[in-house]
Amino acid sequence: MSSGNLPQTPKKVNVSSSSSCCRLCKLVGDTSHWKNLFGKGNRALLAMPEIIYGSPLIQDKTLPRLLCRPCERRLKNFENFRVAIKESQSSFQ
């Protein structure tokens, strides 16, 4: 039996901390439009996953620092929803 006809066994991809992946969802992809989650201008953006996670995200040079665009959209939607909840609750008081 020749090995050319057998399907290849899927290989696990070990995402090392030095590779470019999203800090929140571990997506590996084109990082040209991704944001540095720990950048000076992104403190408000960093606060949202910390609220969701319930703990500060550790900033370490061995850990990914980038945020993919889908996660950025999710965080913005989360923030909009959080504001809507606050406004509606304030109107009830």
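Glu 72 touches Lys 35, Leu 45 and Leu 67, leaving aside residues up to four places away in sequence. In this predicted model, Glu 72 is part of helix H2. Its relative accessible area is 9%, so Glu 72 counts as buried, the cut-off being under 20%. Cys 71 and Leu 75 are the other buried residues of H2. The cover over the buried residues of H2 includes strand S1 (35-36), helix H1 (43-53) and strand S2 (66-67).

Helix H2 itself runs over residues 69-92 and has 24 residues. From its first C-alpha to its last, H2 reaches 35 Å, which is close to the 34 Å expected at 1.5 Å a residue. An α-helix has 3.6 residues a turn, so residues three or four places apart point the same way.

The protein has two helices and two strands, and along the sequence they follow the pattern β-α-β-α. There are 93 residues in the protein, and 20% of them count as buried. Among contacts with a separation of 6 or more, 59% are between residues 24 or more positions apart.

Helix H1 has its own set of buried residues: Leu 45, Leu 46, Met 48, Pro 49 and Glu 50. What covers them includes S1, S2 and H2. After H1 comes Gly 54, with a positive phi near 85°.

How do the two helices meet? Two packed helices are described by the angle between their axes and the distance between the axes. For H1 and H2 the angle is about 75° and the axes are 10 Å apart. Angles of 65 to 115 degrees count as roughly perpendicular, and H1 and H2 are therefore roughly perpendicular to each other. On the H1 side, the contact is made by Leu 45, Met 48, Pro 49, Ile 51 and Ile 52; on the H2 side, by Glu 72, Leu 75, Phe 78, Glu 79 and Arg 82. Seven of the residues in this contact are nonpolar, none is polar and three are charged.

Arg 82, one of the H2 residues in that contact, is partly exposed because its relative accessible area, 28%, lies between the cut-offs of 20% and 50%. Arg 82 and Met 48 are 34 residues apart in sequence, and their C-alpha atoms are 10.0 Å apart in space.

The next topic is the nonpolar core. The largest one has twelve residues: Cys 22, Trp 34, Leu 37, Phe 38, Leu 45, Leu 46, Met 48, Leu 57, Leu 67, Cys 68, Cys 71 and Leu 75. H1 and H2 are the elements that give two or more residues to this core, and H1 gives the most, with three residues. Phe 38, a member of this core, touches Arg 23, Leu 46, Leu 57, Ile 58, Gln 59, Pro 64 and Arg 65, not counting residues up to four places away in sequence.

Pro 64 is 40 residues from Leu 24 in sequence, and the two are 9.0 Å apart in space, C-alpha to C-alpha.

Cys 25 and Cys 71 are 46 residues apart along the chain, with 7.3 Å between their C-alpha atoms.

Lys 26 also belongs to the segment before S1. Is Lys 26 buried or exposed? Lys 26 is exposed, because its relative accessible area of 56% is over the 50% cut-off. The backbone of Lys 26 has a positive phi, near 70°, in a residue other than glycine. Most residues other than glycine have a negative phi.

Methods: Residues numbered from 1 in each chain as written. Predicted model: local features only at pLDDT ≥ 70, side-chain atom pairs only at ≥ 80, totals over all residues. Heavy atoms only, no water. Helix = DSSP H or I, 4+ residues; strand = E, 2+ residues; numbered from the N terminus. Expected span 1.5 Å × (residues − 1). Buried < 20%, exposed > 50% of the residue type's maximum accessible area, 1.4 Å probe, protein only. Contact = heavy atoms within 4.5 Å. Core = buried A, V, L, I, M, F, W, Y, C linked by side-chain atoms within 4.5 Å. Axes fitted to C-alpha atoms, helices over the stretch in contact; angles between N-to-C directions. Parallel < 35°, antiparallel > 145°, perpendicular 65-115°, else oblique. Nonpolar A, V, L, I, M, F, W, Y, C, P; charged D, E, K, R; others polar.
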